Amino acid sequence: MTQSLLKEKLPRHLAIIMDGNGRWAEKRSLDRVEGHRKGAESVRTIVRAAREIGVPYLTLFAFSSENWNRPRPEVDALMILLKNYLTSELQEMLDREIRLLAVGELSRLPKEVQTTLHETMKKTAHCQGMTLTLALSYGGRDDILQAIRRLMVHCQDQSLRPQEITEDFFSKFLWTANLPDPDLLIRTSGEMRISNFLLWQLAYAEIYFTPTLWPDFSKEEFIRALLSYQNRERRFGLTSEQIRAEGG
Ligand code: IPE
Ligand code: IPE
Ligand code: MG
């Protein structure tokens, strides 16, 4: 690869739908859980790479609100893997100054996972190298609905006028309140859909779809995705000419 990454054109916030663990395992006649185990290794590789390259915010879709409907043994195995991941990565997060956040309906997670998650978030709260957000029991529609419910309570208390509810104001009620909107969304495994991920937040994200299954997603391909992003012109509804005039 001749082109190299430009620091000033990196996505500020990169979101990833890590898909294809099950198919990776099935292709090898392995249990789907083996695919999730291998997928956790890709998480490690990509978190490290993102930190090294200098992506400020990385958000990973690890478990959707719909994934609760999978067979119980798979859900249980995913929860154990999640807890083990948090425990095994804590030292590395601290060493690399990675702050952990989580978005989603966290109260649905098993108690011991919630405890480990909250401890990890607390212990890494001071880290400023990168913000790693795990979307857990997350659904984009759930996110919007919980925001509206809280917003309505707030409106009753503060007697707000409808016109005060701007995009910025509303965004502060979403689980992602403290995160900028994603600039780039990567989805592995060849599926070309959003699957109820950050519906509001992805409004103007660039999207990179790849047929590679998540357990096979390498640092090299990650860099290729970032290069593809850097070669795009983000117009936000304007014309190319306007963007060039702005020096964008
Ligand atoms: C993504 O891999 C991980 C989770 C959704 C938890 P999948 O388990 O969806 O893998 P496929 O899509 O069945 O191959
Ligand atoms: C999306 O993958 C959720 C995660 C990656 C955690 P799914 O495999 O659940 O999505 P669908 O069902 O194929 O849309
Ligand atoms: Mg899938």
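A polar contact here is a pair of N or O atoms within 3.5 Å; within protein, one must be able to donate a hydrogen and the other to accept it, and residues adjacent in sequence count only if both atoms are side-chain atoms. This is a predicted model, where local features need pLDDT of at least 70, side-chain atom pairs count only at pLDDT 80 or more, and totals for chains, interfaces and linings use all residues. Residues are numbered from 1 along each chain as its sequence is written, ligands are numbered from 1 in the order in which they are written, and side-chain values use heavy atoms, with hydrogens and water left out.

Let's start with ligand 2.

| Residue | Distance to an oxygen atom of ligand 2 |
|---|---|
| Asp19 | 3.2 Å |
| Asn67 | 2.9 Å |
| Arg193 | 2.8 Å |

On its own, ligand 2 exposes 390 Å², and the protein buries 78% of that (Shrake-Rupley method, 1.4 Å probe). The surrounding residues (a heavy atom within 4 Å) include Phe61, Ala62, Phe63 and Ser64. Strand β2 (residues 57–64; a DSSP run of E, at least two residues) is the top contributor to this shell, with 4 residues.

Now for ligand 1. A side-chain N or O atom of Arg23 comes to 2.7 Å from one of its oxygen atoms, while a backbone N or O atom of Asn21 lies 3.2 Å from an oxygen atom of ligand 1. Alone, ligand 1 exposes 370 Å², of which the protein buries 86%. Around ligand 1, α1 gives the most to the shell, with 3 residues. Met18, Asp19, Ala62, Asn67 and Arg70 are among the residues around ligand 1, and they also turn up around ligand 2.
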